[in-house]
Amino acid sequence: MGEHHHGPAKGLTRWLYTTNHKDIGTLYLWFSFAMFILGGSFAMIIRAELFQPGLQLVHPEFFNQMTTMHGLVMVFGAIMPAFVGLANWMIPMMIGAPDMALPRMNNLSFWILPFAFAMLASTLFMQGGAPNFGWTFYAPLSTTYAPPSVTFFIFAIHIMGASSIMGSINIIATVVNLRAPGMTYMKMPLFVWTWFITAFLLVAVMPVLAGAVTMMLMDIHFGTSFFSAAGGGDPVLFQHVFWFFGHPEVYILILPGFGVVSQIIPTFARKPLFGYASMVYATASIAFLSFIVWAHHMYTVGLPVAGELFFMYATLLIAVPTGVKVFNWITTMFKGSMTFETPMLFSIAFVFLFTVGGLSGVMLAMAPVDFQYQDTYFVVAHFHYTMVAGAIFSLTAATYYWLPKWTGRMYSETMGKTHFWLSFFAFNLTFFPQHFVGLAGMPRRIPDYALQFADFNMVSSIGAFFYGSSQILFLFNVIRTIRSGRPITDPKVWEGAQGLEWTVATPAPYHTFTTPPEVK
């Protein structure tokens, strides 16, 4: 359609009307990075307030708005759209498809997102302020005592959910129908497999979230009592509905990351992934189990002991397929000819730090001890080890890994490694001390704390500012690569990799593109 548009509008209409999976992938990735910076700035406000005990800087009510908005923007605005961007860019190329199966719907599923998040962000300027009830928006707090902006929040969630469902249907339709001849299911790259499974999770749980926020809407505006005990409803029902969505959701946030590191580790270990089939089955097992563990978020609401036992054992069972994956990644690296380029550094850090998050998850899974951990900073430490070291590190690894493929230019390896070590150090500085203050009893989502928690909170806040500012280096590296990076056809691009000098032969046929260039 480009031939019908002339003049300066041509550039804009290319992005507005595009049905090209690469352009849409790029839109998703830039949008998600913008949301990452926005959600990160909310976290900076949280950490600034917690830098020392006492109330400074912000009103407690505003602090609650920040914890809510940080969670919502990071989960729905940063991580999920970033992985959808990777899916759009890579899945068609990985299975030999010309594009996504439903290109018009692909365009729509992206373009409704900026409006959803503009609406969510605008609640900060509304009467009564932004949502203040945490990213889990528990009723009756979110229905009875919430600011009027909660209605806009509900609409925004509906739009995000519609986007996710459309994107997932598109991925399922593409993988099922558009694989090239010979590309059987068990030959698909693992990134395609993890996203294929994730897409089914999304289609299953986003309507549950839509149901939860619709019941909230009814309780607020139409006199129903789904979550009000006074009218015969039950606040705990909200938690069941929310976590039936919420637990599969956290696996939606990590499974594509598993796929990313399953692509990167074999590349830089120079050997095939160990246990391909077991990785596929493990991913499917995790997806299935994610639906029968939701009440481990609810050990303290007064479940029957039999219920607690079931959810405890079901949750511990998830450690088995997850452990299979970790051991497969380690075995892939074992005796490989490893080099430590930026994507590999992020992937190795992913394996190590995500495992730390998994071990604290095993602790939280045990009902009797969770009574101590519940709603402390130990939980915050646990899920940031899975979400930041898991989802964000794998997204960063993917960006470095595929950026030369996307742009035809090479990023600065020195800058990339600097970004990695800054991020790795700052991340641990931020979140490791939170295990300690959590075990010592510091509650989460509170703008003030007792004196004995002061030192670790100061360390945590310093780490957070350090981590946030190091992401600007990442942004600079990406923009610099796009604008003036060395073309990947230039032989000098391959110099300096662990002291070896690489030469680039004539362009290889497609099926050999993962083979590293020959050593001179």
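Here are my entries, from the overall fold down to single residues.

**Entry 1: the whole chain.** I note at the start that this is a predicted model. I counted secondary structure and found 15 helices and 4 strands in the protein chain. Along the principal axes, I see the C-alpha atoms filling a box of roughly 75 × 55 × 45 Å.

**Entry 2: packing and surface.** I looked up burial next, and 53% of the 520 residues are buried. Among contacts with a separation of 6 or more, I found that 80% join residues 24 or more positions apart. The accessible surface comes to about 21,800 Å², and carbon and sulfur atoms hold 71% of that.

**Entry 3: charges.** I placed the 21 positive and 19 negative charges, and their mean positions are 15 Å apart.

**Entry 4: Ser412.** I found Ser412 in the loop between β1 (409–410) and α14 (413–439). Is Ser412 buried or exposed? Its relative accessible area is 16%, so I log Ser412 as buried, the cut-off being under 20%. Beyond its neighbours within four places in sequence, Ser412 is in contact with Asn477, Arg480 and Thr481.

**Entry 5: Ser461.** My last stop was Ser461, which lies in helix α15 (residues 454–484). Ser461 counts as buried because its relative accessibility is 0%. Leaving out residues up to four places away in sequence, I see Ser461 touching Arg47, Leu50 and Phe51.

Technical notes. Residues numbered from 1 in each chain as written. Predicted model: local features only at pLDDT ≥ 70, side-chain atom pairs only at ≥ 80, totals over all residues. Heavy atoms only, no water. Helix = DSSP H or I, 4+ residues; strand = E, 2+ residues; numbered from the N terminus. Buried < 20%, exposed > 50% of the residue type's maximum accessible area, 1.4 Å probe, protein only. Contact = heavy atoms within 4.5 Å. Areas by Shrake-Rupley, 256 points an atom, 1.4 Å probe, with all protein chains shown as cover. Lys, Arg positive; Asp, Glu negative; His and termini not counted. Charge placed at Lys NZ, Arg CZ, Asp CG, Glu CD.
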